[in-house]
Amino acid sequence: MKKLLLYALFILLVFVACSEGDDYYVRRTDRVNIVEFTTPDTTLVTDTIDLYAKAQMDNGCWRDLFFVFNELSDSAAYLSAYGTFESYGSCPDIKVTKDTLIEFSPSREGIYIFYIARNYYQLIQDTLIVE
């Protein structure tokens, strides 16, 4: 009888431990940090330039990083980065990075402003003078 009670208790503990694992599963697409952004200071209206950006997160639960570049007007653009976060409760201690080159062709002379979402709390500006 004691063996049966011990087996029942063991099975109950295994069931509870396994069922709690589902509570820790998280999966979402969210903004990630842009740690680097470079653009030339000046260019000509006839040139196509490369805008370089690098996104990075500090744990291995992040994957599939990607960039979104939106032209807001004829003189402003917005850059942000996103990724998928998926975890069962713990994340490997590795950096996940992605870099990109965005070809940009200015359509007019003047000052272009690039708004870069570094993270949720920091939006920086970089300017490009087009002659």
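This report describes the disulfide, a strand pairing and the salt bridges of a predicted model.

**Disulfide**

The structure contains one disulfide, which joins Cys61 to Cys91 with an S to S distance of 2.0 Å. The link is left-handed, with -105° about the S-S bond. Cys61 lies in the loop between strand S3 (49-57) and strand S4 (62-73), and Cys91 in the loop between strand S5 (76-87) and strand S6 (96-104); the pair thus links distant parts of the chain, 30 residues apart. Cys61 counts as buried because its relative accessibility of 6% is under 20%. Cys91, at 32% relative accessibility, is partly exposed.

**Strands S4 and S5**

A hairpin joins S4 to S5 through two residues. The two strands pair in the antiparallel sense over nine bridges, and Phe69 stands opposite Leu79 in S5.

**Salt bridges**

Four salt bridges are found in the whole structure, including those tabulated here.

| Salt bridge | N to O distance |
|---|---|
| Arg63 with Asp64 | 2.5 Å |
| Arg63 with Glu86 | 2.9 Å |
| Arg108 with Asp74 | 3.4 Å |

Glu86 lies in strand S5 and Arg63 in strand S4, so their pair ties together parts that are 23 residues apart in sequence. Arg63 is partly exposed at 29% relative accessibility, and Glu86 is partly exposed at 22%. Arg108, in the loop between S6 and strand S7 (110-117), and Asp74, in the loop between S4 and S5, link distant parts of the chain, 34 residues apart. Arg108 has a relative accessibility of 27% and counts as partly exposed; Asp74 is partly exposed at 47%. Through shared partners, salt bridges join Arg63, Asp64 and Glu86 into one network.

Definitions and conventions. Residues numbered from 1 in each chain as written. Predicted model: local features only at pLDDT ≥ 70, side-chain atom pairs only at ≥ 80, totals over all residues. Heavy atoms only, no water. Disulfide = S-S within 2.5 Å. Helix = DSSP H or I, 4+ residues; strand = E, 2+ residues; numbered from the N terminus. Buried < 20%, exposed > 50% of the residue type's maximum accessible area, 1.4 Å probe, protein only. Pairing = 2+ DSSP bridges. Salt bridge = Lys/Arg side-chain N within 4 Å of Asp/Glu carboxyl O.
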